[in-house]
Amino acid sequence: MSKLSIVIPVYYNSDTLELLYEDLKEKVLGKIGDYEIVFVDDGSGDNSWEIINKIAAQDKNVVATKLSRNFGEHAALLAGLSVCTGDCAVTKQADLQEDSTLILEMYESWKRGNKVVLAIRGERDENPVKKFFAGCYYWLVRKTINKDMPQGGCDCYLIDRQVIKVLQMMDEKNSSLTLQVMWVGFKTEKIYFHRKDREIGKSRWTLGKKIKLVIDSMMSFSYFPIRCMATLGSIFALLSLIGIIYVITEKVTKQTPILGYASEMTVLFFGFGVLFLMLSMLGEYIWRTLEESRNRPPFIIDEVHRSDDSDLDKNKE
């Protein structure tokens, strides 16, 4: 019989964890046969770890995993995938915004032979501003990275054991795990769901993290930033050449004095601004190269509690 792993990254989710487990137990766990739930505490500063262990004491199929500090959701999911033992694994958010029955649909899709099952937001009950900026990000991804990115974006996914092994071989830092899952290929199906607004707790998905996701996505999967720099440089060089020819022509033919200190300085400062922007993009690539060359693990596991009540200290290999 096949085994399903449910990987749940946890970061300041103490107020929803027990509700989430009860929801899974009511709607999912009794219908899927062999399973395990892998909770990954990503350096939460609340009592999430204690609650995870409380749940693990009730259910021998719960694997409590704790990272040594906060590494981010990408790393937490990778850690959960490295710990899980299922034939396939599905990711699940701990904020109760997606219906748990979605797991059943994804599991049935996997049984039909799909090695990647993407859960797509068909509708979402969040505020218009949030939906607008999310739509802008997914539009940008479709135009510059992956034309198959759904308009509503992908919230979670189910992947086969073969896909998990590929993701572990990639071992990338500062990237988007969702885009990695879409990049690896394999037979894929999309399932649409209604994403509810968050009713309990406070989201830790800050503006800084959102900006980092955009940068990580662009730098890891697209040459668009480099092409953009080359295009801007060509345009500025062409405009500068045209401007020089025009000024010299005016001076020679009409004796027009070359004036305009303020306008020259404005153009100069603007040009320097664009130049430094380009240098910062190059710096991003150089820093990421340095980060990969250090060969530091994307996550460090502090503790793993399984049903035999043993503690495993494990670092990412």
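Tutor: Let's start with helix H6: on the face turned away from its buried side, H6 carries the exposed residues Lys165 and Met169. Keep in mind that this is a predicted model.

Student: Which residues of helix H6 are buried?

Tutor: H6 runs over residues 161–170, and Val163, Ile164, Val166, Leu167 and Met170 are its buried residues. Buried means under 20% relative accessible area, while exposed means over 50%.

Student: Which residues of H2 are buried?

Tutor: In H2, they are Ser48, Trp49, Ile51, Ile52, Ile55 and Ala56.

Student: What makes the buried residues of H2 line one face of the helix?

Tutor: Look down the axis of H2 and its buried residues fall within an arc of 160 degrees, which means they line one face of the helix.

Student: And what do the buried residues of H2 pack against?

Tutor: Quite a list: H1, plus strands S1 (3–10), S2 (34–41), S3 (62–67) and S8 (300–305).

Student: H1 is on that list. Why is H1 called roughly parallel to H2?

Tutor: The axes of H1 (residues 17–27) and H2 (residues 48–58) come within 10 Å and cross at roughly 30 degrees. Angles under 35 degrees count as roughly parallel, so H1 is roughly parallel to H2. As for handedness, H1 passes H2 in a right-handed crossing.

Student: Which residues make the contact between H1 and H2?

Tutor: H1 brings Leu17, Glu18 and Tyr21, and H2 brings Ser48, Ile51, Ile52, Lys54, Ile55 and Gln58. By type, the residues of this contact split into five nonpolar, two polar and two charged.

Student: Now the backbone. What phi does Tyr12 have?

Tutor: A positive one, about 55 degrees, although Tyr12 is not a glycine. Tyr12 belongs to the loop between S1 and H1.

Student: Why is Tyr12 called partly exposed?

Tutor: Buried needs a value under 20% and exposed one over 50%. Tyr12 has a relative accessible area of 25%, so Tyr12 is partly exposed.

Student: Where is Phe186 found?

Tutor: In the loop between helix H7 (177–183) and strand S7 (188–195). Phe186 is not a glycine either, yet has a positive phi of about 70 degrees.

Student: What makes Phe186 partly exposed?

Tutor: Its relative accessible area is 32%.

Student: How about Leu140, what does it touch?

Tutor: Leaving out residues up to four places away in sequence, Leu140 touches Ile145, Val214 and Met218. Leu140 is in helix H5 (residues 128–144). Along the chain, Leu140 and Met218 are 78 residues apart, and their C-alpha atoms are separated by 9.1 Å.

Student: Why is Leu140 called partly exposed?

Tutor: Its relative accessible area is 24%, and buried would need under 20%. Leu140 is therefore partly exposed.

Student: How does Ala230 count?

Tutor: Ala230 has 46% relative accessibility, so Ala230 counts as partly exposed, given that exposed means over 50%. Ala230 is in helix H9 (residues 224–254). Its C-alpha atom is separated by 9.2 Å from that of Met278, 48 residues apart along the chain.

Student: Zooming out, how many helices and strands are there?

Tutor: The protein has 10 helices and nine strands. Of its 317 residues, 43% count as buried. And among contacts between residues at least 6 apart in sequence, 81% join residues at least 24 apart.

Key:
Residues are numbered from 1 along each chain as its sequence is written. This is a predicted model: local features need pLDDT of at least 70, side-chain atom pairs count only at pLDDT 80 or more; totals for chains, interfaces and linings use all residues. Side-chain values use heavy atoms; hydrogens and water are left out. Axes are lines fitted to C-alpha atoms, for helices over the stretch in contact, and angles run from 0 to 180 degrees between N-to-C directions. Helices (H or I, at least four residues) and strands (E, at least two) are DSSP runs, numbered from the N terminus. Angles under 35 degrees count as roughly parallel, over 145 as roughly antiparallel, 65 to 115 as roughly perpendicular and the rest as oblique. A crossing is left-handed if the near helix is turned anticlockwise from the far one by less than a right angle, and right-handed if clockwise. Contact means heavy atoms within 4.5 Å. Ala, Val, Leu, Ile, Met, Phe, Trp, Tyr, Cys and Pro count as nonpolar, Asp, Glu, Lys and Arg as charged, and the others, Gly among them, as polar. Buried means under 20% relative accessible area, exposed over 50%, partly exposed in between (1.4 Å probe, protein chains only). The arc is that of the directions from the helix axis to the C-beta atoms.
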